[in-house]
Amino acid sequence: MSKTPIILSALICLSGAAVGADWIAGAYEPPAEVQTNAFFAPARNPIVQKTFRARDGVKQAIWHVAAPGMRDLFVNGTRVTSTALPPWTPYRERVLEESFDVTAQVKSGADNVLVAELGNGWYNPLPLTMWYRYNLREALAIGTPCLRATLELAYADGTRESIPTDTSWRALEGKVVRNNLYLGVEEDGRLSVRETGPARVVKGPAGRICPAEDFPKVVIFNVRRPVSVMARPNGAYLVDFGANAAGTLRVTLRNVKAGQRVAFRQGERLFADGSLNPLTAVAGQIKKPERGPLFGVAEQCDSVICPEAREYVFEPRLAFHVFRYVQVEGLAAAPKPEDFEALDWSADVKEGGSFTSSCEKLNKLHEVCRRTFRSNLQSVQSDCPGREKFGYDGDVSCTAESFFCNYAMGPFYRKAVRDYLDEAAKDGLFTETAPFVGIASSGAIPNTRAAPIGWAAGVPVLLDVVVRYAGDLGILAEAYPALVRYLDILERAYPDHRIPKCLGDWIPVAGHKANESLSGNAHYHQFVKLTAKFARLLGKEADAARYAKLADEIAAVWRRDFHKGDGLVGRGVQGEQLFALYHGLLEAKDVPAAYARLKADIAARGDSLTTGIFGTQYLLEYLSTHGDAALAGRIVTHEGFPGWFDMMDRGATTLWEDWDERRCLDSHSNCHPMFGSCEQWFTRHVLGICVADDAVGCDRVRICPNAVAGLTSASGWLDTPKGRISVSWKLVDGKMQVEKSVPAGILIVD
């Protein structure tokens, strides 16, 4: 312990790093990389602990903590972390240091105990091979679960004291014998926590330590009880929580015997016979078949080996899963519904908007989208909280505006942008996921880490949304050099302005995918056009002119390649027409014919869509801004396949990864936000709060509600940097009556 002057302590706090602290760990150390099977052997979770005496007059106590794995923090036996999940970043480049106000837990003039229970998280993943190909250990920064922290004490007499992590801390072993974000947690309740000696100083991640600032911590934001508990013929019990969501369990086990093993298998669906279907959340495979006996399905399952106890509470906090159903195996007697709780995890984002309408089914869809969104805010905005949990920039870009219509996403997305910048720091290439997990499918630059161009374009798209809604020109200025560097790479690689590959409009209705080169080069044009816009915002007029010219050149090449004449784009599927229309790639004279073809195809299909994740967002937005909001409304409320109502009619309580239920039975996620772009349509075109394309911090807004889809009323609000915009409308004798409230400083535009 050391006393530090007030001024120096302020500098330490501003630095965002626990100055003088070491990275420390317990006795556990991951096996050597060649010892693959050893990763699956039991290994007790490490705990580090410090006892110190605080002087009288503690005025404030702030615990600054950086942990690249999992961390559960306690002060004098009181847990100060809602969940054990810290911010996940590209740890080679940057580790976020969180701050916890523990003033209420620290005792003046007395001994105090700091405890950190550590887990593997993304810093020590198992050597799973996802899709028989991707091993996270080969892409992520990896190491021993560790902690670097300082408790800063401020006293009433003006002095300060620091308690850093160092070898004066003690190492212990906990009751958790296995923990993995995908496979789950196993706890041996018969064990006692035991000390193993002094904490070890370890290397820790290489990245710079930065303050987490206002990045929202992952918290338990909702607790749910089961709607039913049913006995299964095999002696198991099926617990139904009524809705799909991400998080973990808290279970009270009653009258258990020493050595009794109880397993909790989680899943999003049931098989036809009523048993648990775990397949939609399967993380991958445990090793390739030729590499040893551990090959198998990586299923999410938590388990506990019980002590002799009348009541034993099991809460597997070192992992999170996605589930509606839990199959409980190993109980000797039937459990009760009150024995189970589902703890829903999510980043602690503030409410940023609301929507309700006269249509209960539309309101239900709104709830389904929001549940999906919250389930996928687990430090990164993930594609799904089960089998992958990764931050794909393509998925983020097509839903960022929808998230902003519901939540104050500025701090969360600022961190997301920095994740992409960190991954691009060395080679200039934006990656498909940030943190980068090794996936580089159909990359813009072959045989590199590069993302497919449609996913790379997610970076400027996200920046554009952040500028329009949050007005954050600071993160734009920070990111701009990386955008320029990336475009320089593309220009050198493709002087003819043709990028040959992309993943394209992901998962449309089968047989209706837009040509991947067509959609990819439309995204290339989008990337360049947005960079020109950003250059103007930042006062870089020469850059703006250069990129505007490049965008025109790309558009001209695109038209030669993909416009077949008479408004026909590619094969004429909806997605192809929309990539042309939404991105403004056609000459003005060809737009009416292209739009007519799009609407004819929609009508021929009974006012239903065939689009993937990008095309769906484009479809609702383009129709609604070109006089056809009513048609967009019929698409959103379309009954039957394909559509959102079809998902709900088939039992979806979170959004599926695929319009087709058949692929959501065994391979595709049932909690995927990418088709949640209907949320931006609710706010922009039903409620009518439409943030302008050239807005900065919502300073320019259109108020243009639409009575579509048979609605007779709608109401809601959107929080902006200048205050809350509220709109409420209803039909009276067929005429719309609108009430609105718009803060000062927001210009209402036509």
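User: Which residues is Asn-179 in contact with, leaving aside its neighbours within four places in sequence?

Analyst: In this predicted model, Asn-179 is in contact with Asn-45, Gly-119, Asn-120, Gly-121, Gly-184, Val-185 and Leu-318. A contact here needs heavy atoms within 4.5 Å, and each of these residues meets that with Asn-179. Asn-179 itself lies in strand β14, which covers residues 176-180.

User: Why is Asn-179 called buried?

Analyst: Its relative accessible area is 8%. Buried means under 20%, so Asn-179 qualifies.

User: And what makes Ala-510 exposed?

Analyst: Ala-510 has a relative accessible area of 53%. The cut-off for exposed is over 50%, so Ala-510 counts as exposed. You will find Ala-510 in the loop between α8 and α9 (516-537).

User: Why is Pro-452 called buried?

Analyst: The value for Pro-452 is 0% relative accessible area, and the limit is under 20%, so Pro-452 is buried. Pro-452 is placed in the loop between α5 (410-424) and α6 (453-456). Beyond four places in sequence, its contacts include Glu-432, Ser-441, Cys-502 and Leu-503. Its C-alpha atom is also 9.8 Å from that of His-523, 71 residues apart along the chain.

User: How do you know that Glu-29 forms a salt bridge with Arg-200?

Analyst: The closest N and O atoms of Glu-29 and Arg-200 are 3.5 Å apart. The rule asks for a distance within 4 Å, so the pair passes.

User: Are Glu-29 and Arg-200 buried, exposed or partly exposed?

Analyst: Glu-29, at 51%, passes the cut-off of over 50%, so Glu-29 is exposed. Arg-200, at 25%, falls between the 20% and 50% limits, so Arg-200 is partly exposed.

User: What makes Glu-315 and Arg-317 a salt bridge?

Analyst: Their side chains meet at 2.9 Å, N to O, and the limit is within 4 Å. Glu-315 is at 16% relative accessibility and Arg-317 at 7%; both values are under 20%, so both residues are buried. Salt bridges that share partners join Glu-315 and Arg-317 into one network with Asp-72, Arg-79, Arg-225, Arg-250 and Glu-341. Under this rule the count of salt bridges comes to 65.

User: How do you know that strands β3 and β8 pair?

Analyst: 7 bridges join β3 (residues 46-53) to β8 (residues 111-119), while pairing needs at least two. The two strands run antiparallel, and Phe-52 stands opposite Asn-112 in β8. They belong to an open sheet of 6 strands in the order β6-β5-β8-β3-β13-β16.

User: Why are β6 and β16 called edge strands?

Analyst: Strands β6 (78-79) and β16 (194-198) each pair on one side only.

User: Which residues touch the most other members of the largest nonpolar core?

Analyst: Leu-365, Tyr-413, Phe-430, Leu-490 and Trp-644 do, in a core of 177 residues. Helix α8 (residues 473-493) gives the most to this core, with 11 residues. A second, separate core has 26 residues, including Val-48 and Ile-163.

Key
Residues are numbered from 1 along each chain as its sequence is written. This is a predicted model: local features need pLDDT of at least 70, side-chain atom pairs count only at pLDDT 80 or more; totals for chains, interfaces and linings use all residues. Side-chain values use heavy atoms; hydrogens and water are left out. A nonpolar core is a set of buried Ala, Val, Leu, Ile, Met, Phe, Trp, Tyr and Cys residues joined through side-chain atoms within 4.5 Å. Buried means under 20% relative accessible area, exposed over 50%, partly exposed in between (1.4 Å probe, protein chains only). Helices (H or I, at least four residues) and strands (E, at least two) are DSSP runs, numbered from the N terminus.
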